[in-house]
Amino acid sequence: MKIYSMTATFGKLEHQTLKLEPGLNIIERPNEWGKSTWCAFLVNMLYGLDTKEKDTKTSMADKNRYKPWSGSPMSGRIDLNWNGRDITIERHTSGRLILGEFSAYETETGLPVAELNSSNCGQMLLGVERSVFTRSGFLKLADLPVTQDDALRRRLNSLVTTGDENGAGDKLASTLRELKNKCRYNRTGLLPQAETEKLRLENQLQELLSLQQEILRLKQTQAEKEIFLADLQNHKAALQYAASKDDAQRVAEAELARTNAQTEHDNLSKLCEGLPALEVAQKALQEGQSLQQQHMQLQMELQKAPALQEPPAPPACFRDVTPQVAVAKAKEDHTAFDALQAQRKRFNSRLWIGYVLAAVVSLALGLGGLLWMPELYIASGVVLVASVIGLFAFINKKNKAFQKDADQISNRYPGLPTDLWVAEAEAYLQAQEAYQQSTALLQAQRQELDRRAQEQAAQIQAYTQGEELESCTARWSKIVANRNALAIADRQLQHAQHHAQTLRSMLKPTVKPDREDNLSYSASQTESLLTSTTFDLKQLHLKLGQYEGRAESLGQESVIRTQLKAVSRRIAQLEDTYAALELALTALNATTTELQRRFAPRISKRAQELFGQLTGQRYDRLALSSDLSLNAGASAEDILRPAQHRSDGTVDQLYLALRLAVAEELTPNAPLVLDDALVRFDDTRLAAAMDILRQYAENKQVILFTCQSRESRL
């Protein structure tokens, strides 16, 4: 197909006409001239305007974006050649249907072209659907610059494998997977939800059936408890009837006890007539008992009082002197004795000193005589012996005199050491003084006991008035006992009267039970069983209410079974759907594999040739990896690298090569439209691209819109 001219009332275009040539058309115009508007006009004239499209946050629908600025209705005309026939197609706005009125006729004759209509026009003229044409034979600047991320890989893969970079196959597979996941994904999805609902209904039904059985059991237990309660009430009435007879007997016994208590009270009242009051008698009795106790205590003290002791015997050495004189004499003798001993020691020490001096002198004389006068030596020896004998005789005499005086003193204290003379005298003095003190104390105690005995005798005389203390106390004790017995009898009488009156008031008329009593419980057991049975019935009533309320909240059994059947049918349908989706995914995967096997090798080979021409054979290798990602390699590189490793311009050239290769396969007869698609090419690669487009223009119409002058110069 080749386009001759296009006339448009579309966006900023108002009845404007664009004429084209069969080969390469380079339309060089500045920005905002309307190049992109002409491209959009061509697509919408061929395939129609989607009036259902709505504006989004990132894009505007064509019906709003290209609404004529003048306010005129949107319309257009294209004159073209198709299969050797010159044809004109027109679209006009009719009412609210924008470009909804379509007509196709032969340009010269005006005869309608029957095989063309509003829906199939583009596919009949170009041989492909709208999406295929816009992604292969229709290249815009916005399509070429792509980000260096995973989105690029996905677009290139889709373009190579299916010729459609919008990824319809991936979208379909994604949609199928989403539907499959909606059915079941691990433990989530419609199937698990339905299965959970089925399990809930089954549990609900099971709980309802269990509750119904439990309600029947509780009602049966309630009936049994009610029968047992009636038997207990009848047994209680029988026990009360029997107890009423016992109560009458107890009333009679209480009346007899009251009569006996009255008689005892009357007798004691006569016995106590004329006797002092109880308080007076108790006071007199307490006084007599106190006097008895005091008298007995005083007698015991008199018996236990110690007798007077003999004075201490003086030691033999102090027999004739008083203790005070004995102490003074002992001290005097001890002093004199110590003086004699000291005098004796001084005498002996002085005498021995003189003796030693004499001996030294004699020895010296003897030595001198021995040396010079031997006769003098003999004389000195004689003198020395004589002096020694005389000295010993004098010492002995003097010591005997000292010993005589000392013996005269020590003989006064026979058997006592010298250092105990004074101690013995002082001990004698202390013993005498202790004796005198104890004697004075005993005499004072004896006088006090005698005084107390006289006072006590006077108190007893005043209390007894001449009667014996014991008989007087016994008389008052008897009066107190009689008065106490009367008080006890009075209390017993009051208790007997109150007890008889209470029993009479408690005596209630009872009716004999109307049916036989077969129970043998005691009254306390009966009351306990009545209480527990009544409590059990209340609990059963409450539990029955709870169970019946729960059963009512669960719903009717027939409704639950109906819901359970519906859920089971839904599960079966979802399982069929799940199996169908799995089958569809399997078929889609097989189809994609077949497309890759058939279509991808030709596209890759042709894209490699074109990419090499565009880059001056710098990139002479283009290959698909196992995950269908494109990898390109330069002649100087040892390895292939993903497209993300290349510059933006190189990626545009790679993308152009792929689009041209796809266009050869899918749209061989359709015009090739480029809208500012070569903006990021350098001069060298732009020249290579223009050579390729010139080659393409030999076989098909090429329409190149550009805002630059480089393309025209080349």
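**Close-up views of a predicted model**

**View 1. Buried residues of helix 17.** In helix 17, the buried residues are Arg685, Leu686, Ala688, Ala689, Met690, Ile692, Leu693, Tyr696 and Ala697. Buried means under 20% relative accessible area, exposed over 50%, and partly exposed in between, with a 1.4 Å probe and protein chains only. This is a predicted model, in which local features need pLDDT of at least 70 and side-chain atom pairs count only at pLDDT 80 or more, while totals for chains, interfaces and linings use all residues. Residues are numbered from 1 along each chain as its sequence is written, and side-chain values use heavy atoms, with hydrogens and water left out. Helices (H or I, at least four residues) and strands (E, at least two) are DSSP runs, numbered from the N terminus. The 15 residues of helix 17 (residues 683–697) should span 21 Å at 1.5 Å a residue, and the 20 Å between its end C-alpha atoms agrees with this. The expected span is 1.5 Å times one less than the number of residues.

View 2. Strand 4 (residues 75–82) pairs with strand 5 (residues 85–94) in the antiparallel sense over eight bridges; pairing requires at least two bridges found by DSSP. Asparagine 81 stands opposite aspartate 86 of strand 5. Two residues lie between the strands, and asparagine 83 takes a positive phi near 55° in this hairpin.

**View 3. Hairpin of strand 5 and strand 6.** Seven bridges join strand 5 and strand 6 (residues 97–106) in the antiparallel sense. Histidine 92 has glutamate 101 in strand 6 as its bridge partner. With two residues between the strands, glycine 95 of this hairpin takes a positive phi near 65°.
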